[in-house]
Each structure stands twice: as structure tokens, then as C-alpha cells.
Amino acid sequence: MATVAMTVPTTIPDLRALILNDRVHGSLYTDARNFERELEQIWYKTWVYVGHESEIPNPNDFVMKSIGPQPILMTRDKAGQIHLLQNRCAHRGNVVCVKQKGNAKLFSCSFHNWTFSNNGDLVGYAFPEGYRDNPAADKSKLGLGKVPRMASYKGFVFGSFAADGPSLEEHLGGAAEMLDRLCVNGPEGEVELGCGFLQHKVKANWKFVVENETDGYHPAFTHSSIFGVADSGIGGLYADKSTALARDYGNGHTEMDLRPEFRKFDEPMRWFGTTPEKLPDYVDKMSAAYGSEKARTIMIDGTPHAMIYPNLFIAEIQLFVIQAVSVDETIQHVTPIQFKGAPDINRRLRQQTMGSVGPAGFLLADDASMYEGCHAGVKSKNPEWVFLGRGEQRETRDEDNYRVSHITDETPSRGIWRHYLQLMEAE
Amino acid sequence: MAGTATLDSPAEAVPIATTLEDLLLYHEISQFIYREARLQDDHQYDAWEALWADDALYWVPANGDDSIDPDHEMSIIYDNRSRIALRIRQLHTGRRWAQEPRSNLRRTISNVEVTIAGNGDVHANANGIIYESHPRGDVVWAAQFKYVLRRIDGGLRMARKTVLLPNNDTALWSMAFLV
């Protein structure tokens, strides 16, 4: 094979010179070496959202998830405990599970029949005589790999490959309130994810996807086609005159806070583009659960538009899991939010999700073109920078001291990159 | 309904077309499917939309075949007639960015089988390979198409079209063209 002359520098670039307050260098999205560093410093270190407890409701249920490019087997053992396991036989590395989901007490490797419990323990290997009196074949040392830390918040299961580090609560910080706000929109205060995921891949770096989730500047333009032909109230939320806010919670977590707009109208269920009369069962259950006054407030505010760094995006009615696959490939896994005990709103949540997201979705297919267009565009060398300065001059602090600005301002992107720099520079 | 035997149940498999009537029906169905394919490849959105019956259902399942319950499981497309119309209106805006520029498409249809024929709706299956050229790169899509066709005002209309992508349980690129 012919060798190719390499013009790239051999040292990793100084990130401080590439990440300024109001701009970042385009190469950060396209440099494969930087992606490898991101895996080590972000995806394989910080808390990453893996899955929801409701996806494995019964003992011995399992579902295949991921942390970055690595598949993660999320299991519930017979005692109900959840485990995050690596899909790799401790013998020769074969995958031990080839199904997307199911119910299994044991995972047997098809290669040499090494068999693992759904808590990861090696329970047996074939023809054990060949391992007798061999100390290296100690079963307790040959289980499936485990994600060192796992923690759950309101059913949302996160994993961290770092054995030590901030707790999940510390990582979520003020952003945990957004998950509270999501759950309280269910009459039983619980989210259930049981409708399966659409998997939509894009030829773009994952950071374009993350930043776009709380970019309130783009909807008026990227989504003008569907706003123009569908009777959607979304467009006004992201208009120049909108009172909605962009918020940076720190730790990379960001939000499009649409509540100021919804409170201005003071109409329950407006956030969902409907009225209480259309969802009588849901409204009754909410009032019974929270009292009519609090229920009314909840149903005016609606669910959040929340980006929990680095990969969990709650888009009011659906949940996205962002998976970084390689420097130029990202998958969005998306499923409708479903609330426990709320069949009538759940049905509409499914229908609206199906129309708007996934490879053929009225919204997401157009977002995908933006991610892909940006990824292709930043390969051009001039200008070198991506400018993220919108609204910096009018950014303020809210009562909790979080940065807020007009919904169309790039406060979230700047917050995401501030946190990115911290993570990438950490020991 | 008369003639409801299906190729999926071997004991009562529809005989391979032998009568002239069978052959004419087969020809008519095949020509309809080829025409639909051409309208899709050529982005003839209005002509394609006109092929649908009023109670249309356009379904592209995810994570399995058409045994999945689309009312409870996510699908890539699950459009009733009004949502088909919305899809077409969006494409006509010129700002459906996932199709600006439009994918260059060419598809080959084969394995056409009429599975249920009688006095009512005609059920037919076909396979297809779709070549898509897109700024992101070229994609080859494969599909089985399942049609329920109805005679309305002397012509055939699609009451239902189901598109089974063999890779619908994997991550897919955007698919904003008509499939």
C-alpha cells in the first residue's frame, strides 16, 4: 500500500487556543485525534445517560444500550438490581448478547459456551477440567466487564467509566430540576419508555448535534417548511419577539425555557398544542394527583426542552440519546415520552413523535441536513472559526445565578464549550 | 371476500397466474407499481399523492416487520391521508432542507406477486432496490413493498402501502424522499 504524506501536526493542539469565549475552531469537530481524546476525557469518564429503568421493568430483562461507540448491556437481575455490563466475553472477546432486548438469566457465549449471569458473573465455562488448578482461570476474575459507576435519577440510569469522580447529583446540579419537571407532567410522576427507538444517523460530529438541541436561533429557518404548512405554534416560541429564555446550568447542561411564553398565554396544554377538553382523562388524573391549582400550573408550564450533557436530550415530547460513533458519525436514538397511567396523552405523544423525528421526520430530517452541512462546511479552512457570540452582550444571570438570555442567543453553546474545555483539560 | 387465498399460507396458495384474466390483472398491478416507482424517483409529488385513496395508510415500520403494532411502537413513517398531504406540502415549500437538493433516485422493482385478488381489494407484494445519490454520499436502500390496492372510479388507488426495510432495526441516514 502506498504511504500518504501526513501534513497534520503530531502533537495534540492546545485547546485553550481553539476554544475562546465566543468562538471555537472548526477543526475541533473534524480532527479524529481530538475525537479519540474526547472518548477518554468525556465519554469514558463523565456521567453518560444509558437508559431508563422502565425499559427493563421485570427481573431478568435486558436491553442493549451504548456509551459512545461501545455497546452496553443494561440488565436487571433476579433481585431487581440494575447492571451496566460490557458485551464482551472474558475469554476471547466474542459478544455474548446479539439481541437488542429480551429476558435472560444467563448470557452464554456461542463460541466456547462460557456462561455469565445477568449480573456479569462468570458462572461456568465448558470442559472445566482444562482450567482445573490454573489460578489464572479464577471465575471471579473472568466476569463481564462492568461500567464502574452506575447511578439512577428518577428512573434515568447513567453510567461513568471513571471509578472516582463527581456523584451523579453533583454532575446534574441544577439541571436535575428539568428531569423533575418532566416527571411531574405525569399523573403518577413517572416516565415510561416502552415504544422502541428510531435510530437516525448523521454524517456529522456529535458536538454539532448536542449544540443544535438547545440552539433557539435555528427553528425559524431550519424548520420554516413545516411551520409554514402545519398549524404549529412552535415558530412563535423561537421568534425575535419571544419572551422564552436560553439557560446554561453549568456542567454543560442547557435549556430552552419556554415557560415565559406559555405563562403569558396562561392556557393549560398549550405547550402540547392542544386544550384540556381534548385530553379529559389526563387532565382529570392530573387534578386528582396534584390538586387542580397545581395541576393547572404544571399543565401550563409543560415539559422541558433540556439538554443533559453529553447525550440526553428531552425535547418536550420525546427523548433523544445522542451516541458519538466516530468523529464524523453520530446516531440519535429517539423514543416518545410516555407517562405512567396516562393513556390518552401517551397516544398523542406517540403520534406527534412519529411525525416529527427519525430519518423521515418533519423536523429531524432537516436538522440532520444542518449537522451534515456544518460538518462538511467546517472542512473549508477560511474562516477558521465558528462564531458563537450571539447575545453575549445581553446575557444576564437568573435568580439561581445561571446564565440566561433571549431564546435565540448562543448562551447554551458557550456553556457547552466552557464545560468541554474543563473536561478535556482535566487530569 | 372472494379469492382471499394467500401465498403466505401454502395450503391454499393462489395458483400462479394461468388464465388470461389472471395475466391481465398481474400486468395491470405491475404497471401500477412501476408507475408509482417512477413518480417517486422523479419527485412527481402531486401525481404520487393522487395515487392514494382517501383512507390511505402509508407505513414504514421500525425494528421489525408488519407484525408490529404501529399504534404502540415507533415507526419511521406512519401517515394517514392528511399526514401524507402534509408531507407533500412540506416538500413543495422548497425549504424541506433534507430534500434541497433533492436526492437523485433510481429504483428497480421486481418480484411482483399478486397475493390476494377477488372482488375487493387487490393485495400485492414487490421487492425494490433504491439507489440514492445525496450530498452526504450515496446510499443503497432495499425494501419489500406491500400494497393494498383498490378500484376507485375505474382506476387503481393505494389504500395501504407498507415498506419493510430489512435494516429498519439499525441506524439509518435521513430518508426524506418518497419511499
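**Hairpins in chain B**

The model is predicted, so I kept its limits in mind: local features need pLDDT of at least 70, side-chain atom pairs count only at pLDDT 80 or more, and totals for chains, interfaces and linings use all residues. Residues are numbered from 1 along each chain as its sequence is written, chains are lettered from A and ligands numbered from 1 in the order written, and side-chain values use heavy atoms, without hydrogens or water.

I noted how the elements are named. Helices (H or I, at least four residues) and strands (E, at least two) are DSSP runs, numbered from the N terminus. Two strands pair if DSSP finds at least two bridges between them.

I then looked at the pairing of β4(B) with β5(B), residues 137-152. The two strands run antiparallel over 13 bridges. Glu132(B) stands opposite Val139(B) in β5(B).

I went back one strand. β3(B), residues 104-116, pairs with β4(B), residues 122-134, in the antiparallel sense over ten bridges. Thr108(B) has Ile129(B) in β4(B) as its bridge partner. Here the hairpin between β3(B) and β4(B) has five residues.

**Where chain A meets chain B**

How many residues does each chain bring to the contact? I found 38 from chain A and 31 from chain B; contact means heavy atoms within 4.5 Å. The two chains bury about 3000 Å² between them, 54% of it on carbon and sulfur atoms. Buried area is the accessible area (1.4 Å probe) that two parts lose on being put together, summed over both. Lys201(A), Met354(A) and Phe362(A) supply 23% of the area that chain A buries against chain B, more than any other three residues.

I checked charges next. The rule finds two salt bridges across the interface, each a side-chain nitrogen of Lys or Arg within 4 Å of a carboxyl oxygen of Asp or Glu. One of them links Arg96(B) to Asp366(A), with the closest N and O atoms 3.1 Å apart.

I also looked up polar contacts. There are 25 residue pairs in polar contact between chain A and chain B, both residues at pLDDT 80 or more. A polar contact is a pair of N or O atoms within 3.5 Å; within protein, one must be able to donate a hydrogen and the other to accept it, and residues adjacent in sequence count only if both atoms are side-chain atoms.

Several elements of chain A supply at least two residues each to the side touching chain B, among them β13 (198-202), α13 (343-356) and α14 (364-377). By class, that side has 19 nonpolar, 13 polar and six charged residues. Ala, Val, Leu, Ile, Met, Phe, Trp, Tyr, Cys and Pro count as nonpolar, Asp, Glu, Lys and Arg as charged, and the others, Gly among them, as polar.

**Annotated stretch of chain A**

The unreviewed UniProt entry annotates residues 48-147 of chain A as "domain: Rieske". Such annotations may be inferred rather than shown by experiment. I read this stretch as 0% helix and 36% strand, with its end C-alpha atoms 11 Å apart.

**Loops of chain A**

Pro310(A) sits in the loop between β16 (305-308) and β17 (312-315).

A cis bond also joins Asn382(A) and Pro383(A), with omega about 0 degrees. Pro383(A) lies in the loop between α14 and β21 (385-387) of chain A.

Asp266(A) has a positive phi, near 60 degrees, in a residue other than glycine. Its loop runs between α10 (259-265) and α11 (280-290) of chain A.
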